[in-house]
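Me: I am new to this structure and would be grateful for a close look at a single part of it. Please treat that part in one connected account.

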Amino acid sequence: MAKNVADWQKFPATIENYDQIKDYIIVAAEQAGISARRRLKLELGFEEVIINVINYAYESEGDIFIRCSNDEKIFSLDIVDYGTPFNPIKKNDARTLDKSAIEDRKIGGFGIAFMKKVFAEEIYRRENFFGKSANHLHLVFNKISQPTD
């Protein structure tokens with residue numbers, strides 16, 4: 001899976017580091033040629049994932065590893081943590097579970113559904129990452145707007 005530790009950026013998984021993580025990904029997306037409008041959509045998609053890792057992956061301190069890559073048509077984002085196993089792809093869509101009126105619904109629960117809408121593909125694996133069992137979420141983002149965007 002991980003070819004070289006140098007391919008990855010490591011950040012402490014704390015809310016204080018969110019802006020640094022976000023800036024790293026946004027700069028990589030800008031360098032990949034993604035438009036400002038598409039970068040905003042990308043940020044809204046990955047924010048849910050990063051904030052969930054920060055808030056829920058670890059009982060105490062931990063790290064989050066990020067790798068960005070791209071080719072002509074797609075920008076890929078790999079997010080890895082050593083936290084509690086969690087597959088967001090298997091998480092049910094809150095929009096289909098709650099049948100109550102929108103004004104009566106609890107706040108939250110739509111972030112994962114939004115992530116699934118933003119990314120063209122999501123792949124989750126629980127695997128060995130540099131000698132430890134880890135959550136690995138691979139997200140594929142279309143660099144060019146699609147008809148459904």
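This is a predicted model: local features need pLDDT of at least 70, side-chain atom pairs count only at pLDDT 80 or more; totals for chains, interfaces and linings use all residues.

How are α2 and α4 oriented to each other?

Reply: α2 and α4 pack with their axes 9 Å apart and at an angle of about 140 degrees. The two helices α2 and α4 are therefore oblique to each other, since an angle counts as roughly antiparallel if over 145 degrees. Where α2 passes α4, the crossing is left-handed. On the side of α2, the residues that make this contact are Lys-41, Leu-42, Leu-44, Gly-45, Glu-48, Val-49 and Asn-52. On the side of α4, the contact is made by Gly-111, Ile-112, Phe-114, Met-115 and Val-118. By class, the contact of α2 with α4 has 7 nonpolar, 3 polar and 2 charged residues.

α2 also packs with helix α1, which covers residues 18–31. Here the angle is about 145 degrees, and the axes of α1 and α2 lie 10 Å apart. The crossing of α1 and α2 is right-handed, whereas that of α2 with α4 is left-handed. From α1, the residues in contact are Tyr-18, Ile-21, Lys-22, Ile-25, Ile-26, Ala-29 and Glu-30. They meet Arg-39, Leu-42, Glu-43, Phe-46, Glu-47, Ile-50, Ile-51 and Ile-54 in α2. The contact of α1 with α2 comprises 10 nonpolar and 5 charged residues, with no polar ones.

Finally, α2 takes part in the largest pocket, to whose lining it gives 6 residues, the largest share. This pocket has a volume of about 280 Å³. Among its 16 lining residues, Val-49, Asn-52, Val-53, Phe-86 and Pro-88 are the closest to the centre. The elements that give two or more residues to the lining are α2 (36–57), β3 (74–81), α4 (111–118) and β5 (132–142). The lining consists of 11 nonpolar, 3 polar and 2 charged residues.

Terms used
Residues are numbered from 1 along each chain as its sequence is written. Side-chain values use heavy atoms; hydrogens and water are left out. On a 1 Å grid over the protein atoms alone, a cavity is a set of points where a 1.4 Å probe fits but cannot get out, and a pocket is an open set with protein on both sides within 12 Å along at least five of seven lines; lining residues have an atom within 4 Å of a point. Grid points are joined across faces, edges and corners, and a volume is the space filled by probe spheres set on the points. Helices (H or I, at least four residues) and strands (E, at least two) are DSSP runs, numbered from the N terminus. Ala, Val, Leu, Ile, Met, Phe, Trp, Tyr, Cys and Pro count as nonpolar, Asp, Glu, Lys and Arg as charged, and the others, Gly among them, as polar. Axes are lines fitted to C-alpha atoms, for helices over the stretch in contact, and angles run from 0 to 180 degrees between N-to-C directions. Angles under 35 degrees count as roughly parallel, over 145 as roughly antiparallel, 65 to 115 as roughly perpendicular and the rest as oblique. A crossing is left-handed if the near helix is turned anticlockwise from the far one by less than a right angle, and right-handed if clockwise. Contact means heavy atoms within 4.5 Å.
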